[in-house]
Amino acid sequence: MIEEKAIDGFLYSAKALHNAFQDTSVCSWNLQDIVSELCIQTGHLVQATGKNSLMDEKGRNLSHLGDEAADVLLQVLVLSYLFPMDWRKVRLRASEMNTASEDQLLKSIVQGGLQLLESSLRISGKRFPQARHASYGGEEGFFSKTLSDIAACLLALVDRCNADIAAEFATMEKSAREFLSIYAEYEKEVHNLALDISRIDHKIQEKLKQLHKDNEREDGTD
């Protein structure tokens, strides 16, 4: 399980990666977008467990449980900047789940992600509000509690599967940085190509103007 003292480092990395990936998007992400990404990654996690779902995607390499768990953790960490969690309590809750089956933990993560998606719609005013005050102190309280439960289930699941989530997260971060570096070079090449095309287009337009003037002189219409 991730050591509590290492959480701050993971939080910093998650925020840095999230901000860096914003540069690869046409539009900035809102709360619903981040939760949607979390749900996507939980779907990948299901396939990585090899549970033979009827919805498995063919032709995609989604078989590495540790890698997919790290992707889920990334989105949990990003969301925790908006809805802070007590990671000491999260780790304690995870340790109390030692009797839960792998299926129970996995289903809880998926269900929790969908609950967060619904909650994000309510927080943004796009879905009719639910009476959360009695049990959770409001919709934001429900969101925070559910996010913490997802984190606990995830830590318990990777422990059950003997995956080193800390090492997997570090590998995921390294791969993400490499992708971002390649993307930056690609973006630079595209920008330079666009400038070259613009220069060529300007020269063509100037040449056409000159030809038009020459034709006017030859026709005596100048």
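This is a predicted model: local features need pLDDT of at least 70, side-chain atom pairs count only at pLDDT 80 or more; totals for chains, interfaces and linings use all residues.
**Helix α5.** I looked up its length first. α5 has 22 residues and spans 31 Å from first to last C-alpha, close to the 32 Å expected at 1.5 Å a residue. I then checked what comes next. Gly125 follows α5 and has a positive phi, near 80°.

**α2 against α5.** I turned to the pair formed by α2 (residues 31-48) and α5 (residues 102-123). Their axes lie 9 Å apart, and the packing angle is about 165°. Angles over 145 degrees count as roughly antiparallel, so α2 is roughly antiparallel to α5. The crossing of α2 past α5 is left-handed.

I listed the residues that meet. From α2 they include Leu31, Val35, Leu38, Cys39, Thr42 and Val46. From α5 they include Leu106, Ile109, Gly113, Leu117, Ser120 and Ile123. I sorted the contact by class: 14 residues are nonpolar, 5 are polar and none is charged.

**Burial in α5.** Which residues of α5 are buried? I found Leu105, Leu106, Ile109, Gly112, Gly113, Leu116, Ser119, Ser120 and Arg122. I also looked up their partners. The buried residues of α5 pack against α2, α3 (65-82) and α7 (139-160).

**Gln75.** Is Gln75 buried or exposed? Its relative accessibility is 8%. The cut-off for buried is under 20%, so Gln75 counts as buried. Leaving aside residues up to four places away in sequence, I noted that Gln75 touches Ile34, Glu37, Leu38 and Gln41.

Technical notes. Residues are numbered from 1 along each chain as its sequence is written. Side-chain values use heavy atoms; hydrogens and water are left out. Axes are lines fitted to C-alpha atoms, for helices over the stretch in contact, and angles run from 0 to 180 degrees between N-to-C directions. Helices (H or I, at least four residues) and strands (E, at least two) are DSSP runs, numbered from the N terminus. Angles under 35 degrees count as roughly parallel, over 145 as roughly antiparallel, 65 to 115 as roughly perpendicular and the rest as oblique. A crossing is left-handed if the near helix is turned anticlockwise from the far one by less than a right angle, and right-handed if clockwise. Contact means heavy atoms within 4.5 Å. Ala, Val, Leu, Ile, Met, Phe, Trp, Tyr, Cys and Pro count as nonpolar, Asp, Glu, Lys and Arg as charged, and the others, Gly among them, as polar. The expected span of a helix is 1.5 Å times one less than its number of residues. Buried means under 20% relative accessible area, exposed over 50%, partly exposed in between (1.4 Å probe, protein chains only).
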